[in-house]
Amino acid sequence: MTNHNPIDHVDYQVNELGKIEIAPEVIQIISGLAAQQVEGVAGLSGGVVGDLTQLLGRKNLRQGVRVEVGDETKIEVSLVIAFGYHIPEVGRNVQEAVKSAVENMTGLSVSEVVVKVEAVKFSNDKQTDIESQRVK
């Protein structure tokens, strides 16, 4: 997946009144919100730029989410997991939550949700990076 979306909008539906388009950024926001609601998710990992944005006090709802649209819709979510949770289970729950939210809200069919766990957050707010894991 790339950092930028080559397609500006997904043509979703054409009817007698015109067409409905969905921007990939909308899919990113839906995915990010759905992932953050899963128990065990401490936050989304947005890399250096995302972390700088948070330091500036701005909340980026697309942080840590990449979307690839085309014939298939693929979503990649980078997470920070709360310490003490079973990472594969949290990952599966995030996959299901993201797929369900995007499909229910947009009507698009999501072919793949890739979850990357990039850090663990301890309750005292210290973060320790761990080796990235990919759960499909």
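1. In what order do the elements of the protein run from the N terminus on? The order is β-β-α-β-α-β-β-α-β-β. The model under discussion is predicted. It contains 3 helices and 7 strands.

2. Of the 136 residues of the protein, 38% count as buried. Among contacts with a separation of 6 or more, 60% join residues 24 or more positions apart. The protein exposes about 8,300 Å², and carbon and sulfur atoms supply 47% of that area.

3. The largest nonpolar core comprises 27 residues. Those with the most contacts inside this core are Ile 27, Ile 75, Leu 79, Val 94 and Val 98. At least two core residues come from each of helix H1 (24–36), strand E3 (41–44), strand E4 (65–68), strand E5 (73–82), helix H3 (87–106) and strand E6 (110–121). The largest share, 6 residues, is supplied by H3.

4. Val 94 deserves a separate entry. Leaving aside residues up to four places away in sequence, Val 94 touches Ala 35, Val 38, Val 41, Leu 79 and Val 115. Val 94 is also listed among the buried residues of H3.

5. Helix H3 has 20 residues, and from its first C-alpha to its last it reaches 28 Å. This is close to the 28 Å expected at 1.5 Å a residue. Its buried residues are Ile 87, Val 90, Gly 91, Val 94, Gln 95, Val 98, Ala 101, Val 102 and Thr 106. Viewed down the axis of H3, these buried residues fall within an arc of 150°, so they line one face of the helix. Gly 107 follows H3 and has a positive phi, near 80°.

6. Helix H1 has 13 residues and reaches 18 Å from its first C-alpha to its last, close to the 18 Å expected at 1.5 Å a residue. The buried residues of H1 are Pro 24, Ile 27, Gln 28, Ile 30, Ser 31, Gly 32, Ala 34 and Ala 35.

7. How many aromatic pairs does the structure hold? There is 1 aromatic pair. Phe 83 and Phe 122 form this pair, which is tilted, with 4.7 Å centre to centre and 35° between the planes. The pair links distant parts of the chain, 39 residues apart: Phe 83 lies in the loop between E5 and H3, and Phe 122 lies in the loop between E6 and strand E7 (127–135). Phe 83 has a relative accessible area of 56% and is therefore exposed, the cut-off for that class being over 50%. Phe 122, at 28% relative accessibility, counts as partly exposed.

8. Is Thr 73 buried or exposed? Thr 73 counts as buried because its relative accessibility is 5%, and buried means under 20%. Thr 73 is found in strand E5. Not counting residues up to four places away in sequence, Thr 73 touches Glu 68, Leu 108, Ser 109, Val 110, Ser 111 and Glu 112.

Technical notes. Residues numbered from 1 in each chain as written. Predicted model: local features only at pLDDT ≥ 70, side-chain atom pairs only at ≥ 80, totals over all residues. Heavy atoms only, no water. Core = buried A, V, L, I, M, F, W, Y, C linked by side-chain atoms within 4.5 Å. Buried < 20%, exposed > 50% of the residue type's maximum accessible area, 1.4 Å probe, protein only. Helix = DSSP H or I, 4+ residues; strand = E, 2+ residues; numbered from the N terminus. Contact = heavy atoms within 4.5 Å. Phe/Tyr/Trp six-rings, centres within 6.5 Å; stacked < 30°, edge-to-face > 60°. Expected span 1.5 Å × (residues − 1). Arc of directions from axis to C-beta. Areas by Shrake-Rupley, 256 points an atom, 1.4 Å probe, with all protein chains shown as cover.
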